[in-house]
Amino acid sequence: MKEKVKEFLISYLPGFITSLIVCGGVSVLAMTYFPSNQTTYDNKTSGLNSTNVQGAIDELYNVCTAEPPAGEQIIKNAGLEKNEYECRYFFTGANPNNYITFNNEKAGWRIISIGCDNTIKIMREVSIGNIAWDTSQNNNWNRLATLNTYLNGEYYNSLTSTAKNQIVPSNYSIGRVTYDNNDLADQINDENSETWNGKIALVTVSEFLKTNSDKSKCGTFDLNNGFSSCKNANWMFTSSINYWWTLSPYHSGSMFVYGVDINGNIISTTAGSPGIAVRPALYLSSKVRITGGTGTQSDPYTLS
(Lines give C-alpha, C1' and ligand atoms only; values in the text may rest on other atoms or scores of the structure.)
Protein backbone atom coordinates (compact mmCIF):
# COMPACT_ATOMS: atom_id res chain seq x y z
CA MET A 1 0.00 0.00 0.00
CA LYS A 2 2.80 2.42 0.90
CA GLU A 3 4.49 1.82 -2.45
CA LYS A 4 1.25 2.53 -4.34
CA VAL A 5 0.77 5.77 -2.43
CA LYS A 6 4.35 6.75 -3.12
CA GLU A 7 3.93 6.08 -6.85
CA PHE A 8 0.83 8.27 -6.85
CA LEU A 9 2.70 11.11 -5.19
CA ILE A 10 5.61 10.86 -7.58
CA SER A 11 3.28 11.23 -10.53
CA TYR A 12 1.73 14.52 -9.44
CA LEU A 13 4.59 16.95 -8.73
CA PRO A 14 3.21 19.86 -10.84
CA GLY A 15 -0.25 19.55 -9.29
CA PHE A 16 1.12 19.86 -5.78
CA ILE A 17 2.78 23.15 -6.65
CA THR A 18 -0.49 24.41 -8.10
CA SER A 19 -2.48 23.36 -5.05
CA LEU A 20 0.04 25.16 -2.88
CA ILE A 21 -0.62 28.41 -4.73
CA VAL A 22 -4.39 27.99 -4.73
CA CYS A 23 -4.63 27.31 -1.02
CA GLY A 24 -1.61 29.25 0.20
CA GLY A 25 -3.82 31.42 2.37
CA VAL A 26 -5.63 28.54 4.05
CA SER A 27 -4.30 27.09 7.27
CA VAL A 28 -4.40 23.31 7.57
CA LEU A 29 -3.28 21.53 10.70
CA ALA A 30 -0.24 19.53 9.63
CA MET A 31 3.21 18.69 10.90
CA THR A 32 5.80 20.18 8.59
CA TYR A 33 9.57 19.82 8.48
CA PHE A 34 12.23 22.14 7.06
CA PRO A 35 15.22 19.91 6.25
CA SER A 36 18.14 20.84 4.03
CA ASN A 37 18.76 19.27 0.65
CA GLN A 38 21.08 16.74 2.25
CA THR A 39 18.55 15.65 4.88
CA THR A 40 16.01 12.86 4.61
CA TYR A 41 12.46 14.19 4.49
CA ASP A 42 10.02 12.46 6.80
CA ASN A 43 6.29 12.95 6.38
CA LYS A 44 4.75 11.37 9.46
CA THR A 45 1.23 11.81 8.09
CA SER A 46 1.74 9.51 5.13
CA GLY A 47 4.50 7.44 6.66
CA LEU A 48 6.74 7.96 3.66
CA ASN A 49 10.49 8.47 3.91
CA SER A 50 12.50 9.93 1.05
CA THR A 51 15.00 12.60 0.03
CA ASN A 52 15.19 15.80 -1.97
CA VAL A 53 12.50 16.37 -4.60
CA GLN A 54 10.58 13.22 -3.70
CA GLY A 55 10.46 14.43 -0.12
CA ALA A 56 9.03 17.73 -1.32
CA ILE A 57 6.36 15.84 -3.22
CA ASP A 58 5.49 13.79 -0.13
CA GLU A 59 5.20 16.82 2.11
CA LEU A 60 3.29 18.98 -0.37
CA TYR A 61 0.57 16.39 -0.71
CA ASN A 62 -2.48 17.87 1.06
CA VAL A 63 -0.33 20.29 3.07
CA CYS A 64 -1.25 23.98 2.77
CA THR A 65 -0.31 26.34 5.56
CA ALA A 66 -0.20 30.11 5.95
CA GLU A 67 2.09 30.19 9.03
CA PRO A 68 4.85 29.29 8.53
CA PRO A 69 5.13 29.10 4.69
CA ALA A 70 5.83 25.38 4.68
CA GLY A 71 5.17 24.73 1.02
CA GLU A 72 7.35 27.59 -0.17
CA GLN A 73 10.24 26.37 1.96
CA ILE A 74 9.87 22.82 0.68
CA ILE A 75 9.87 24.02 -2.93
CA LYS A 76 13.01 26.04 -2.23
CA ASN A 77 14.69 22.98 -0.72
CA ALA A 78 13.79 21.06 -3.85
CA GLY A 79 15.78 23.61 -5.89
CA LEU A 80 12.88 25.66 -7.27
CA GLU A 81 12.50 29.41 -6.88
CA LYS A 82 9.25 31.29 -7.36
CA ASN A 83 9.49 34.12 -9.85
CA GLU A 84 7.97 37.41 -8.75
CA TYR A 85 6.93 38.42 -12.27
CA GLU A 86 4.88 35.37 -13.24
CA CYS A 87 3.28 32.31 -11.73
CA ARG A 88 6.16 29.94 -12.43
CA TYR A 89 8.85 28.27 -10.34
CA PHE A 90 12.36 28.24 -11.85
CA PHE A 91 15.38 26.03 -11.28
CA THR A 92 18.24 28.42 -10.52
CA GLY A 93 21.94 28.25 -9.75
CA ALA A 94 25.02 26.63 -11.18
CA ASN A 95 23.87 23.02 -11.36
CA PRO A 96 20.47 22.20 -9.84
CA ASN A 97 18.99 18.73 -10.12
CA ASN A 98 16.79 19.50 -13.11
CA TYR A 99 17.92 16.95 -15.69
CA ILE A 100 15.15 15.10 -17.49
CA THR A 101 14.83 12.39 -20.12
CA PHE A 102 12.78 13.46 -23.12
CA ASN A 103 12.57 12.01 -26.62
CA ASN A 104 14.52 8.99 -25.34
CA GLU A 105 17.48 11.30 -24.70
CA LYS A 106 18.64 10.45 -21.19
CA ALA A 107 19.54 13.66 -19.32
CA GLY A 108 19.45 15.38 -22.71
CA TRP A 109 17.10 18.07 -21.47
CA ARG A 110 16.72 20.22 -18.36
CA ILE A 111 13.64 21.65 -16.65
CA ILE A 112 13.52 25.45 -16.86
CA SER A 113 10.38 25.99 -14.83
CA ILE A 114 7.10 24.59 -13.56
CA GLY A 115 4.02 26.78 -13.96
CA CYS A 116 0.83 27.27 -12.03
CA ASP A 117 -0.95 25.78 -15.04
CA ASN A 118 0.96 22.53 -14.36
CA THR A 119 3.07 22.86 -17.52
CA ILE A 120 6.76 22.01 -17.36
CA LYS A 121 9.06 24.01 -19.63
CA ILE A 122 12.27 22.31 -20.72
CA MET A 123 15.27 23.10 -22.91
CA ARG A 124 17.82 20.89 -24.60
CA GLU A 125 21.16 20.71 -22.80
CA VAL A 126 23.19 20.18 -25.97
CA SER A 127 22.77 22.02 -29.26
CA ILE A 128 21.04 20.30 -32.19
CA GLY A 129 23.45 22.08 -34.52
CA ASN A 130 24.31 25.51 -35.91
CA ILE A 131 21.43 27.09 -37.83
CA ALA A 132 20.68 30.66 -38.91
CA TRP A 133 17.86 32.30 -36.94
CA ASP A 134 16.56 33.62 -40.23
CA THR A 135 18.39 33.42 -43.55
CA SER A 136 16.60 36.52 -44.83
CA GLN A 137 18.15 38.57 -42.00
CA ASN A 138 14.80 39.35 -40.36
CA ASN A 139 14.38 39.09 -36.58
CA ASN A 140 10.60 38.61 -36.56
CA TRP A 141 9.96 35.06 -35.33
CA ASN A 142 6.25 35.39 -36.10
CA ARG A 143 6.86 35.71 -39.83
CA LEU A 144 8.00 32.09 -39.87
CA ALA A 145 11.69 32.74 -39.43
CA THR A 146 13.99 30.01 -40.75
CA LEU A 147 14.57 28.53 -37.31
CA ASN A 148 10.86 28.68 -36.48
CA THR A 149 10.07 26.68 -39.61
CA TYR A 150 12.82 24.15 -38.95
CA LEU A 151 12.02 23.52 -35.28
CA ASN A 152 8.29 23.12 -35.87
CA GLY A 153 8.71 21.20 -39.09
CA GLU A 154 11.70 18.97 -39.76
CA TYR A 155 12.94 18.85 -36.17
CA TYR A 156 9.48 18.26 -34.67
CA ASN A 157 8.85 15.48 -37.18
CA SER A 158 12.10 13.78 -36.10
CA LEU A 159 10.88 13.36 -32.51
CA THR A 160 9.41 10.12 -31.22
CA SER A 161 5.63 9.78 -31.25
CA THR A 162 5.65 9.78 -27.45
CA ALA A 163 7.60 13.04 -27.32
CA LYS A 164 5.24 14.68 -29.81
CA ASN A 165 2.26 13.71 -27.68
CA GLN A 166 3.91 15.21 -24.59
CA ILE A 167 4.37 18.67 -26.17
CA VAL A 168 1.62 21.25 -25.79
CA PRO A 169 1.42 24.30 -28.11
CA SER A 170 1.98 27.41 -26.00
CA ASN A 171 2.43 31.16 -26.20
CA TYR A 172 6.06 32.24 -26.47
CA SER A 173 7.17 35.83 -25.84
CA ILE A 174 8.87 37.22 -28.94
CA GLY A 175 8.82 40.97 -28.25
CA ARG A 176 11.90 43.13 -28.82
CA VAL A 177 14.30 43.52 -25.89
CA THR A 178 15.98 46.84 -25.10
CA TYR A 179 19.77 46.70 -24.92
CA ASP A 180 21.33 47.36 -21.48
CA ASN A 181 18.05 47.50 -19.53
CA ASN A 182 18.40 47.34 -15.74
CA ASP A 183 14.66 46.96 -15.11
CA LEU A 184 13.67 43.30 -15.46
CA ALA A 185 9.95 43.99 -15.14
CA ASP A 186 10.20 46.46 -18.01
CA GLN A 187 12.18 43.95 -20.07
CA ILE A 188 9.58 41.23 -19.47
CA ASN A 189 6.85 43.62 -20.58
CA ASP A 190 8.83 44.24 -23.76
CA GLU A 191 9.14 40.50 -24.39
CA ASN A 192 5.43 39.96 -23.74
CA SER A 193 4.42 42.77 -26.12
CA GLU A 194 4.25 40.20 -28.89
CA THR A 195 3.61 36.46 -28.68
CA TRP A 196 3.67 33.46 -30.97
CA ASN A 197 1.77 30.24 -30.38
CA GLY A 198 3.47 27.02 -31.39
CA LYS A 199 5.15 23.82 -30.30
CA ILE A 200 8.90 24.52 -30.17
CA ALA A 201 10.93 27.71 -29.79
CA LEU A 202 13.88 28.99 -27.71
CA VAL A 203 14.42 30.62 -24.31
CA THR A 204 14.14 34.38 -23.96
CA VAL A 205 16.78 36.71 -22.54
CA SER A 206 14.73 37.16 -19.35
CA GLU A 207 14.57 33.39 -18.81
CA PHE A 208 18.35 33.29 -18.95
CA LEU A 209 18.40 36.00 -16.27
CA LYS A 210 15.74 34.28 -14.12
CA THR A 211 17.75 31.05 -13.85
CA ASN A 212 20.72 32.93 -12.39
CA SER A 213 20.87 32.57 -8.61
CA ASP A 214 22.76 35.86 -8.08
CA LYS A 215 19.79 38.17 -8.63
CA SER A 216 21.41 41.24 -7.09
CA LYS A 217 24.21 41.28 -9.65
CA CYS A 218 22.99 39.14 -12.52
CA GLY A 219 19.22 39.45 -12.41
CA THR A 220 18.80 42.25 -14.94
CA PHE A 221 20.03 43.01 -18.44
CA ASP A 222 22.46 45.61 -17.12
CA LEU A 223 25.69 45.25 -19.05
CA ASN A 224 27.61 47.05 -16.33
CA ASN A 225 27.29 43.89 -14.26
CA GLY A 226 29.66 42.04 -16.54
CA PHE A 227 27.85 38.82 -17.39
CA SER A 228 31.05 36.83 -17.74
CA SER A 229 31.24 36.85 -13.94
CA CYS A 230 27.63 35.61 -13.71
CA LYS A 231 28.06 32.39 -15.63
CA ASN A 232 29.04 30.40 -12.54
CA ALA A 233 25.62 31.03 -11.02
CA ASN A 234 23.54 29.95 -14.00
CA TRP A 235 23.00 26.37 -15.19
CA MET A 236 21.93 27.54 -18.65
CA PHE A 237 25.48 28.64 -19.33
CA THR A 238 27.60 26.00 -21.02
CA SER A 239 31.27 26.17 -21.91
CA SER A 240 30.76 23.54 -24.62
CA ILE A 241 28.97 25.96 -26.96
CA ASN A 242 30.61 29.08 -28.38
CA TYR A 243 27.37 30.94 -28.99
CA TRP A 244 23.69 29.93 -28.83
CA TRP A 245 20.52 31.71 -29.90
CA THR A 246 17.77 33.10 -27.69
CA LEU A 247 14.26 33.92 -28.90
CA SER A 248 14.62 37.64 -28.19
CA PRO A 249 15.17 40.12 -31.04
CA TYR A 250 17.15 43.32 -30.64
CA HIS A 251 14.96 46.35 -29.92
CA SER A 252 16.15 48.48 -32.83
CA GLY A 253 16.17 47.47 -36.47
CA SER A 254 15.12 44.20 -38.04
CA MET A 255 18.38 42.28 -38.35
CA PHE A 256 19.72 41.47 -34.87
CA VAL A 257 18.90 38.75 -32.33
CA TYR A 258 20.38 38.13 -28.88
CA GLY A 259 22.44 35.11 -27.99
CA VAL A 260 24.69 33.88 -25.18
CA ASP A 261 28.41 33.47 -25.87
CA ILE A 262 31.01 31.15 -24.37
CA ASN A 263 31.84 33.74 -21.72
CA GLY A 264 28.25 34.04 -20.53
CA ASN A 265 27.67 37.43 -22.18
CA ILE A 266 24.34 38.34 -23.77
CA ILE A 267 25.20 39.88 -27.11
CA SER A 268 23.42 40.44 -30.40
CA THR A 269 24.30 39.22 -33.86
CA THR A 270 22.64 39.27 -37.27
CA ALA A 271 19.74 36.84 -37.67
CA GLY A 272 21.33 35.34 -40.76
CA SER A 273 24.51 34.21 -38.99
CA PRO A 274 24.88 30.47 -39.78
CA GLY A 275 27.33 29.48 -37.05
CA ILE A 276 25.11 29.92 -33.99
CA ALA A 277 23.97 26.90 -31.94
CA VAL A 278 20.33 25.97 -31.31
CA ARG A 279 18.98 24.73 -27.97
CA PRO A 280 15.24 24.07 -28.43
CA ALA A 281 12.77 24.89 -25.65
CA LEU A 282 9.21 23.64 -25.28
CA TYR A 283 6.32 23.11 -22.89
CA LEU A 284 5.17 19.69 -21.73
CA SER A 285 1.45 19.13 -21.38
CA SER A 286 -0.07 19.41 -17.90
CA LYS A 287 -1.08 15.78 -18.37
CA VAL A 288 2.58 14.72 -18.37
CA ARG A 289 3.81 13.44 -15.00
CA ILE A 290 7.24 13.03 -13.47
CA THR A 291 7.30 9.36 -12.54
CA GLY A 292 10.86 8.70 -11.42
CA GLY A 293 14.45 9.83 -11.09
CA THR A 294 16.06 12.39 -8.81
CA GLY A 295 16.97 15.01 -11.41
CA THR A 296 20.72 14.43 -11.40
CA GLN A 297 22.61 13.90 -14.63
CA SER A 298 23.14 10.23 -13.80
CA ASP A 299 19.54 9.76 -12.60
CA PRO A 300 17.39 12.23 -14.56
CA TYR A 301 13.65 12.63 -14.09
CA THR A 302 11.51 10.32 -16.21
CA LEU A 303 8.09 11.07 -17.66
CA SER A 304 4.90 9.25 -18.44
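Phe208 is buried, with a relative accessible area of 4%; here buried means under 20% relative accessible area, exposed over 50% and partly exposed in between, with a 1.4 Å probe and protein chains only. This is a predicted model, in which local features need pLDDT of at least 70, side-chain atom pairs count only at pLDDT 80 or more, and totals for chains, interfaces and linings use all residues. Residues are numbered from 1 along each chain as its sequence is written, and side-chain values use heavy atoms, with hydrogens and water left out.

**Aromatic pairs**

A pair of aromatic rings is described by the distance of the centres and the angle of the planes. Rings of Phe, Tyr and Trp (its six-membered ring) pair if their centres lie within 6.5 Å; planes under 30 degrees apart count as stacked, over 60 as edge-to-face and the rest as tilted. The structure holds ten such aromatic pairs, and two of them are set out here.

| Pair | Centre to centre | Angle between planes | Type |
|---|---|---|---|
| Phe102 and Trp109 | 5.1 Å | 80° | edge-to-face |
| Phe208 and Trp244 | 6.0 Å | 75° | edge-to-face |

Phe208 lies in helix H8 (residues 205-210) and Trp244 in strand E11 (residues 243-249), so their pair ties together parts that are 36 residues apart in sequence. Helices (H or I, at least four residues) and strands (E, at least two) are DSSP runs, numbered from the N terminus. In the other pair, Phe102 is buried with a relative accessible area of 1%, and Trp109 is buried too, at 0%.

Ring pairs also join Trp133, Trp141, Tyr172, Trp196 and Tyr283 into a cluster.

**Lysines over a ring**

Tyr156 has Lys164 over its face, at 5.5 Å from the ring centre. Lys199 lies over the face of Tyr156 as well, at 5.1 Å from the ring centre. For this, NZ of Lys or CZ of Arg must be within 6 Å of the ring centre and within 35 degrees of the ring normal.

**Asn97 and its contacts**

Asn97 sits in the loop between strand E4 (88-91) and strand E5 (99-102), and is partly exposed at a relative accessible area of 32%. Leaving out residues up to four places away in sequence, Asn97 touches Phe91, Thr294, Gly295, Thr296 and Tyr301, where contact means heavy atoms within 4.5 Å. Asn97 and Tyr301 are 204 residues apart in sequence, yet 9.0 Å apart in space, C-alpha to C-alpha.

**The whole protein**

The protein has nine helices and 16 strands. Of its 304 residues, 54% count as buried.
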